Amino acid sequence: MITCSAPGKVYLFGEHAVVYGEPAVCCAVDIRTRVSVAPADSVTISSSLGTTGIDFETHPYVSAVVERFREIISLEGVSIRIVSEIPVGSGLGSSAAVTIATIKALDTLLGTGLELDDIARMGHEVEQRIQGAASQTDTYVCTMGGVVMIPQRKGLDLIDCGIVIGNTNIFSSTKELVANVAELNESFPEVIGPVLSSIGMMSTVGEDLVNSKDYVSVGKLMNINQGLLDAIGVGCAELSSFTYAARNNGAYGAKITGAGGGGCMVAIAPREHVDDVAAAIAAAGGEAVVTEATDIGVREE
Ligand code: MEV
């Protein structure tokens, strides 16, 4: 049996603006999806959602990966088991992580010799097939790990402080939120255009601050980024309440991560304060996870 894992990710800066070509900074985090594969006579895919064969309802990403491998190598059967620490549909890159970990596991089992760039590319193709449209961000960051400025794919220094994620457990549709921002931008281009450019500027200004480990300033920029995300209508009461809870309990800064409207927020904090920050988010009604940045992308376990 072969087991491979891939990390989730958060946005330090730049979600939504990245859709308009602005830079964003993403950070792989040490909550991982593990995929184990073993030779078998037929295809079985098992996860907390149940056990299926190729099944695009229950296991769309893994099913698409198996079909993609069948285009390049003979593959009758395989047993695939998924165990994930990344909450599904919360903006933390769970679909990219399961896709990338499955590709690496099958590559290792079948000896197809894929390089990391090939894995990221195949992962993006699979996400596009399943979602219709997908940015390359999630699949790239979760393959490579680390802190990455996109679309430049420039590696920044690893974040060396605590990271706390607060999950609202409120489902939100990325497609809908991206469409809402587009509508707002069409209605008020003179207002929303500069807001999106300012969000992009966070990444440009934030790059040096991340590399010089000036987390007080990174946190201030994250707080400004949060204000601008609220301004373009992707906030919600729970996300605001968790970000204030985090900031009032020792975080350097806190903001939405991902599409917003629900899903998750992220705070960075001195390591001695992460438990206080997590407790404050939990007291405000969130599900808090304390984690760290990781430079370990997809890997065999
Ligand atoms: C969603 O995780 C991030 C967005 O910027 C959309 C995207 O980049 O595809 C809102």
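Leaving aside its neighbours within four places in sequence, with which residues is Ile-165 in contact? In this predicted model, where contact means heavy atoms within 4.5 Å, Ile-165 touches Val-10, Val-29, Ile-31, Leu-92, Cys-264, Met-265, Val-266, Glu-287, Ala-288, Val-289 and Thr-291. Residues are numbered from 1 along each chain as its sequence is written, and side-chain values use heavy atoms, with hydrogens and water left out. Because the model is predicted, local features need pLDDT of at least 70 and side-chain atom pairs count only at pLDDT 80 or more, while totals for chains, interfaces and linings use all residues.

Strands (E, at least two residues) and helices (H or I, at least four) are DSSP runs numbered from the N terminus. Both faces of S8 are covered, with Gly-162, Val-164 and Gly-166 buried on one side and Ile-163, Ile-165 and Asn-167 buried on the other.

The partners of S8 come next. Two strands pair if DSSP finds at least two bridges between them; S8 is joined by six bridges to strand S10 (residues 264-269), which runs antiparallel to it, and Gly-166 stands opposite Met-265 there. With strand S11 (residues 287-291), S8 pairs in the antiparallel sense over five bridges, and Val-164 has Val-290 as its bridge partner in S11.

Ile-165 is also one of the residues that touch the most other members of the largest nonpolar core, which has 85 residues; such a core is a set of buried Ala, Val, Leu, Ile, Met, Phe, Trp, Tyr and Cys residues joined through side-chain atoms within 4.5 Å. Helix H2 (residues 94-110) gives the largest share of this core, eight residues. Domain 1 (2-155) and domain 2 (158-291), whose bounds come from an automatic or database domain assignment, both contribute residues, so the core lies between them.

Although Cys-161 and Glu-292 are 131 residues apart along the chain, their C-alpha atoms are separated by 7.2 Å, and Glu-292 is among the residues in contact with Cys-161, as are Tyr-215 and Tyr-252.

Notes:
Buried means under 20% relative accessible area, exposed over 50%, partly exposed in between (1.4 Å probe, protein chains only).
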